[in-house]
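Visitor: I would like to go through this structure step by step. Please start with any term I will need.

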Amino acid sequence: MADKNRYVVDLKEKDLSIEKIGGKALNLGRMAFSGFKIPPAIIVSVDAYDSFIKTELKGEISKIIDSIDFEKEDSISQGCSSIRHIIKSEELPPDMFLEINNKIKDLPEGYYAVRSSAVAEDLEDASFAGQLDSFLNIKKENILEKIIDCWRSYWNDRAVKYRHDSSIGHLDTELNAAGIAVLVQKMVNADISGVTFTANPVNGTNEVVIESTWGLGESIASGIVSPDSFVLNREGKLIDKNIKTKKKGYFLTNEKNTLITIKDEYQDKSSLNNEILTRILEIGIELEEFFGVPQDIEWAIECGKKG
């Protein structure tokens, strides 16, 4: 387990735990330690959030929590707003600021995703996922601000009401309670992206289904395009292929995802060649074996060319 006195954790450290880095970061950490290729990343641990709150703000926050009437939405909203304001206005302890800021400086240039990773979101008896904020396309100089914004989102109305109703201590970071880490990870400026299903979602067999398109996966998620689809057996034999016309694609441009018209010669072209298709299949099967259950895997490839 990472040293308790450190606020920033390397994803490749051994024996990372959910109470240290939260559920979202834990699986990435397990993958990184086992040699799977993931973009550069650091984790601002639960200890950082916990130390900041307990050292500087616990008394003020406790008074506000005690004043909230959880039967009244206005009371919850007012109390949560006050707590978020306190967190935003308070300076980090100097040692914490220096450690986090130095780790950010060591990251390679590019745009980053800054994502909340809550302890409670992966607990069997909790439904915490999706309640906290994450931020995309963040420049390095803005990462620290967004880390604090992730901490502030722990105190949004919905999350606070959920913890209250679930008897999860607001200021407790025990495993069976709550805490929040923040995952900072370099974004892939995707030329191709898609999803791999290691069990066929249509017929439930162990056939692998791979869907792909030009650019970022947002074009699939938003319904802008219908992706190319490939169905393969475990040995890599192609069972079915359906290449779609892909007129548009999202690409990372000027700090945001921009919808771009795909060049005519690429619109009806397969977004995956045989070599890449085979490698995606292999990685999908490796991840299924690693986690022990069928996987739905979102992936992205940066190859230096846009369609």
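Guide: One term comes first: contact means heavy atoms within 4.5 Å. Note also that this is a predicted model.

Visitor: Which elements cover the buried residues of H2?
Guide: Helix H2 spans residues 46-67. Its buried residues include Val 46, Phe 52, Ile 53, Leu 57 and Ile 65. The elements that cover the buried residues of H2 include helix H1 (18-33), E2, helix H3 (73-89), helix H4 (94-106), H5 and E5.

Visitor: Is Ile 87 buried or exposed?
Guide: Ile 87 lies in helix H3. Setting aside neighbours within four places in sequence, its contacts include Phe 52, Ile 53 and Leu 57, along with Ile 148 and Trp 151. Buried means under 20% relative accessible area. The relative accessible area of Ile 87 is 1%, so Ile 87 is buried.

Visitor: Which strands stand at the edges of the sheet?
Guide: Five strands form an open sheet with antiparallel pairing, in the order E1-E2-E5-E3-E4. An edge strand here has a single partner strand, so one side of it is left without a neighbour in the sheet. The strands at the edges are E1 (8-10) and E4 (134-138).

Visitor: What is the bridge partner of Arg 115 in E5?
Guide: Strand E3 covers residues 112-118 and strand E5 covers residues 180-186; the two pair in the antiparallel sense over seven bridges. In E5, the bridge partner of Arg 115 is Leu 183.

Visitor: What angle does the direction of helix H5 make with that of E3?
Guide: Helix H5 (residues 143-153) packs on the sheet, where it touches strand E2 (41-44), E3, E4 and E5. Its direction and that of E3 make an angle of about 25 degrees.

Visitor: With which side chain does the side chain of Ser 271 make a polar contact?
Guide: Ser 271 is in the loop between helix H8 (264-267) and helix H9 (274-291). Ser 271 counts as buried because its relative accessibility is 2%. Residues it touches, not counting those up to four places away in sequence, include Ile 192, Trp 214 and Lys 246. The polar contact, at 2.8 Å, is with the side chain of Asp 228.

Notes:
Residues numbered from 1 in each chain as written. Predicted model: local features only at pLDDT ≥ 70, side-chain atom pairs only at ≥ 80, totals over all residues. Heavy atoms only, no water. Pairing = 2+ DSSP bridges. Helix = DSSP H or I, 4+ residues; strand = E, 2+ residues; numbered from the N terminus. Axes fitted to C-alpha atoms, helices over the stretch in contact; angles between N-to-C directions. Expected span 1.5 Å × (residues − 1). Buried < 20%, exposed > 50% of the residue type's maximum accessible area, 1.4 Å probe, protein only. Polar contact = N/O pair within 3.5 Å; in protein donor to acceptor, adjacent residues only side chain to side chain.
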